[in-house]
Amino acid sequence: AWIFSATSPRYKKMTKKLTVLITGCSDGGLGSQLALQFQAAGWRVFATARNLSKLKEAKKAGLEILHLDTLSDDSIYKCVSEVSELTGGSLDALVNNAGAGYSMPVMDIDIQKGRDLFELNVWSIISVSRAFLPLLMRSTREGGALLVNHGSLSGTIAATGPFAGVYNASKAAAASFTENLRLE
């Protein structure tokens, strides 16, 4: 987790705004709040969602809005191209925030809904990260680019309650992939 201060001297000294793309910035969610906090800290923010009508808060704040459906390879690569053009070919941070939940007893789950949840909560993180990696590798941010995958405590503690088995498993898989990515 990060705590930003718009008055931090470190951010005031920046001559070039750092760039961040955040997935899943729909109004009222964590992505929307992260986008606003990055903006307050002086970052250039690309707020994304698959449904642009759900980005009223981001638009009102003057954030740069881009369409990104993390489940669509075409949408991902179109967004990469747009960001590359807007930034001159680099990106300083990627926050994989898009995700969803699913509550159902394990023995009653709709298998396709479970697969769809894994597609969003796990595989889209890898797809989006792989697509944006060339831009992240060109970051000039001190310390290198940031790749942040939004997780959940539910991914590490299975006993968070009944009816969350598919969600917990998807977040555990995302956490495991993230840890392996860090090691690699």
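**Exercise 1. Lys16 and its partner**

Classify Lys16 as buried, partly exposed or exposed, then name the residue with which Lys16 forms a salt bridge.

*Solution.* 
Step 1. Lys16 has 43% relative accessibility, so Lys16 counts as partly exposed.

Step 2. Note the ground rules. This is a predicted model, in which local features need pLDDT of at least 70 and side-chain atom pairs count only at pLDDT 80 or more, while totals for chains, interfaces and linings use all residues. Residues are numbered from 1 along each chain as its sequence is written, and side-chain values use heavy atoms, with hydrogens and water left out.

Step 3. Apply the salt-bridge test: a side-chain nitrogen of Lys or Arg within 4 Å of a carboxyl oxygen of Asp or Glu. The partner of Lys16 is Asp92, with the closest N and O atoms 4.0 Å apart.

Step 4. Lys16 sits in the loop between α1 (9-12) and β1, and Asp92 in the loop between α4 and β4, so the pair ties together parts that are 76 residues apart in sequence. Helices (H or I, at least four residues) and strands (E, at least two) are DSSP runs, numbered from the N terminus.

Step 5. Check Asp92. Its relative accessible area is 0%, so Asp92 is buried.

**Exercise 2. The remaining salt bridges**

How many salt bridges does a search of the whole structure find? Describe the one between Arg44 and Glu64 and the one between Arg182 and Glu179.

*Solution.* 
Step 1. The search gives three salt bridges.

Step 2. Take Arg44 and Glu64. Their side chains meet at 2.5 Å, N to O. Arg44 belongs to strand β2 and Glu64 to strand β3, so this pair links distant parts of the chain, 20 residues apart. Arg44 is partly exposed at 24% relative accessibility. Glu64 is partly exposed too, at 26%.

Step 3. Take Arg182 and Glu179. The closest N and O atoms are 2.5 Å apart. Both residues lie in helix α6, three residues apart, about one turn of the helix. Arg182 is exposed, with a relative accessible area of 57%. Glu179 is partly exposed at 38%.

**Exercise 3. The sheet and its helices**

In what order do the five strands form the sheet? Which helix packs on the sheet, touching β1, β2 and β3?

*Solution.* 
Step 1. Two strands pair if DSSP finds at least two bridges between them. The order is β3-β2-β1-β4-β5, in an open sheet with parallel pairing.

Step 2. The edges are β3 (64-67) and β5 (146-149), each pairing on one side only.

Step 3. From one strand to the next, the twist averages 15 degrees. Axes are lines fitted to C-alpha atoms, for helices over the stretch in contact; angles run from 0 to 180 degrees between N-to-C directions.

Step 4. Helix α4 (residues 73-87) touches β1, β2 and β3, and its direction makes about 150 degrees with that of β3. Contact means heavy atoms within 4.5 Å.

Step 5. Helix α5 (residues 111-137) lies across β1, β4 (93-96) and β5, at about 175 degrees to β4.

Step 6. Zoom in on one pairing. Strands β1 (residues 19-22) and β2 (residues 44-49) share four bridges. Leu21 has Phe46 as its bridge partner in β2.

Conventions
Buried < 20%, exposed > 50% of the residue type's maximum accessible area, 1.4 Å probe, protein only.
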